[in-house]
Amino acid sequence: MSTILDKIIANKKVEIENHKQQVPLQELEKKVQQVKPVQSFKESLRNSSTGIISEFKRRSPSKDWIFKNARIEEVIPFYSQNGASAISVLTDLEFFGGTLQDLELAGSLTQTPLLRKDFMVDEYQLYQAKLYGASAILLIAAALTVEKTKELAVTAKNLGLDVLLEIHNEDELKHISEWVDVVGVNNRNLKTFVTDVQVSFSLVNKIPDEFVKISESGLSSSKTVKELMQAGYQGFLMGENFMKTEDPGKALKEFITELG
């Protein structure tokens, strides 16, 4: 029986082939040589007192629409002004309502490092990420073999992108390599979409300390984020908690105030 993740990956592969038909990889390779360097995602987290990675997300497979008519220009600048250490931008259209144009527009409106949040299965997507202004890309262990994770991470590093590796259980620790910058523990199981913050607490000490550690999904309480900080996490990926409000930037500001 196929999971939501299986469906997303199958759709992603078709989408990439369509993109390649429109713009061949060789064309992207030429264009990325003109791209100016951007701030480091990893260093921004290391130097931040809060580590909040605020996410721009219109919908999700588990919740459907969160903020259907959300506009990049009405959210991203305020995430930056109100203290985001980094910003995650969803670029999957079918399941999350995001586009590469969202990422490109976000990059024109902020100096805050941007994470391209998508389901990466092909090097073509890494070139897209670089071209459209990302500082970092996401590799999801549940969606990749260990070999493919390393191959994509090496390509990303060669493009000057930071690599966020997302894991959900102890078995996925084997995806960690020297080519990874940040290890994120997703509290949401991408096969069932059930969320449990205890996953972060159980895995934190199993991730080598040379990596920046972040906790992702299901974070809504400042108390929980403080406890995760004490446990050893330096970053916290939060989307729905802000995007479900009328003013995500204001919600971020209030949350950071709560963190003290």
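Visitor: What should the 12 residues of helix α12 span, and how far apart are its end C-alpha atoms?
Guide: At 1.5 Å a residue, helix α12 (residues 248–259) should span 16 Å, and its end C-alpha atoms are 17 Å apart, which agrees. The expected span is 1.5 Å times one less than the number of residues in the helix, and helices here are DSSP runs of H or I with at least four residues, strands are DSSP runs of E with at least two, and both are numbered from the N terminus. This is a predicted model, in which local features need pLDDT of at least 70 and side-chain atom pairs count only at pLDDT 80 or more, while totals for chains, interfaces and linings use all residues. Residues are numbered from 1 along each chain as its sequence is written, and side-chain values use heavy atoms, with hydrogens and water left out.

Visitor: OK, and which residues in α12 are buried?
Guide: Pro248, Gly249, Ala251, Leu252, Phe255, Ile256 and Leu259 are buried in α12, where buried means under 20% relative accessible area, exposed means over 50% and partly exposed lies in between, using a 1.4 Å probe and protein chains only. They cover an arc of only 160° around the axis, which puts them on the same side of α12; the arc is that of the directions from the helix axis to the C-beta atoms.

Visitor: What covers those buried residues of α12?
Guide: The cover includes β1 (52–56), α4 (72–81), α10 (222–231), β10 (235–238) and α11 (240–243), and contact here means heavy atoms within 4.5 Å.

Visitor: What follows α12?
Guide: Glycine 260 follows α12, and the phi of this glycine is positive, near 75°.

Visitor: Let's move to β10, then: which way do its residues point?
Guide: Gly235 and Leu237 point one way from β10, Phe236 and Met238 point the other way, and all are buried. In a regular strand the side chains alternate between the two faces of the sheet.

Visitor: Which strands does β10 pair with?
Guide: β1 pairs with β10 in the parallel sense over three bridges, and strand β9 (residues 212–216) is also joined to β10 by three bridges and runs parallel to it; two strands pair if DSSP finds at least two bridges between them. The chain crosses from β9 through α10 to β10 in a right-handed β-α-β crossover, where right-handed means that, with the strands pointing away from the viewer, the path from the first strand over the helix to the second runs clockwise.

Visitor: How many residues of strand β6 are buried?
Guide: Five of the five residues of β6 (residues 136–140) are buried, with Ala136, Leu138 and Ile140 pointing one way from the strand and Ile137 and Leu139 the other way.

Visitor: And what about the pairing of β6 with β7?
Guide: β6 and strand β7 (residues 162–167) pair in the parallel sense over five bridges, with isoleucine 137 opposite valine 163 in β7. Together with helix α8 (residues 146–158), these two strands make a right-handed β-α-β unit.

Visitor: Switching topic, where is serine 88, and what does its side chain make a polar contact with?
Guide: Serine 88 is in strand β4 (residues 86–90), and at 0% relative accessibility it counts as buried. The side chain of serine 88 makes a polar contact with the side chain of glutamate 55 at 2.6 Å. A polar contact is a pair of N or O atoms within 3.5 Å; within protein, one must be able to donate a hydrogen and the other to accept it, and residues adjacent in sequence count only if both atoms are side-chain atoms.

Visitor: Last one: is arginine 59 buried or exposed?
Guide: Arginine 59, which sits in strand β2 (residues 59–60), counts as buried at 18% relative accessibility. The side chain of arginine 59 makes a polar contact with that of aspartate 64 (2.9 Å).

Visitor: What is the phi of aspartate 64?
Guide: Aspartate 64 has a positive phi of about 60° although it is not a glycine. Most residues other than glycine have a negative phi. Aspartate 64 lies in strand β3 (residues 64–65) and, at 38% relative accessibility, counts as partly exposed.
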